[in-house]
Amino acid sequence: PLIWQSVTLMTSFDIAAIAFCGFVVWRYFQTRRAMHGAYSGGRYFVIGVSIFGLFYAFDLLIMHILPPIIGADAAMAWMRVLHQEWNWVANVIALGFIAFGFHTLRRNLLRWREDEREQAEALRESERRSQQFAHSQ
């Protein structure tokens, strides 16, 4: 069967998508303190991934909670609106946040790498001067 014809398959994909999104958010909160400023782009990744997760959570809500409340036909109408109208909006916004997060992360990591290079050069210069001073004594 096609995925959209099977509630079990749709539910499985929704749960998998939400689990992946939850994993990304969990890993972000685990590593953000260790990465300091270099990882500031991570919050944009989390926002983008959370939008995907919310989309699939709404899908589960509409599929399993709404039919007993508003009826199967009305719930199907909501499902069509979610997938035909909001899917495009959610995907573009989420992708925009993820792309901006990647850009910010890359920029910050390049700055961090340059700072590390400058510190290493300053240390080498300091060691050279120290050795010159020791040899001149």
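A word on the source. This is a predicted model, in which local features need pLDDT of at least 70 and side-chain atom pairs count only at pLDDT 80 or more, while totals for chains, interfaces and linings use all residues. Numbering runs from 1 along each chain as its sequence is written, and side-chain values use heavy atoms, with hydrogens and water left out.

**The pockets**

On a 1 Å grid over the protein atoms alone, a pocket is an open set of points where a 1.4 Å probe fits, with protein on both sides within 12 Å along at least five of seven lines; lining residues have an atom within 4 Å of a point. Points are joined across faces, edges and corners, and a volume is the space filled by probe spheres set on them. Helices (H or I, at least four residues) are DSSP runs, numbered from the N terminus.

| Pocket | Volume | Top contributor to lining |
|---|---|---|
| Largest | about 410 Å³ | H4, 7 residues |

Of the 20 residues lining the largest pocket, Trp4, Met10, Met76, Met79 and His83 are the closest to its centre. Helix H1 (7-35), H2 and H4 each give two or more residues to this lining, which divides into 13 nonpolar, 4 polar and 3 charged. The second largest pocket is lined by residues including Phe55, Ile62, Trp78 and Trp86.

**The core**

A nonpolar core is a set of buried Ala, Val, Leu, Ile, Met, Phe, Trp, Tyr and Cys residues joined through side-chain atoms within 4.5 Å; buried means under 20% relative accessible area, exposed over 50%, partly exposed in between (1.4 Å probe, protein chains only). The largest one has 10 residues, among them Met10, Phe55, Ile62 and Met79. Helix H2 (42-64) and helix H4 (72-136) each supply two or more of them.

Which residues does isoleucine 62 touch, leaving aside its neighbours within four places in sequence? Its contacts (heavy atoms within 4.5 Å) are Pro67, Ala75, Trp78, Met79 and Leu82.

**Further along H4**

Glutamine 132 also sits in helix H4. This residue is partly exposed, because its relative accessible area is 46%.

Methods. Nonpolar A, V, L, I, M, F, W, Y, C, P; charged D, E, K, R; others polar.
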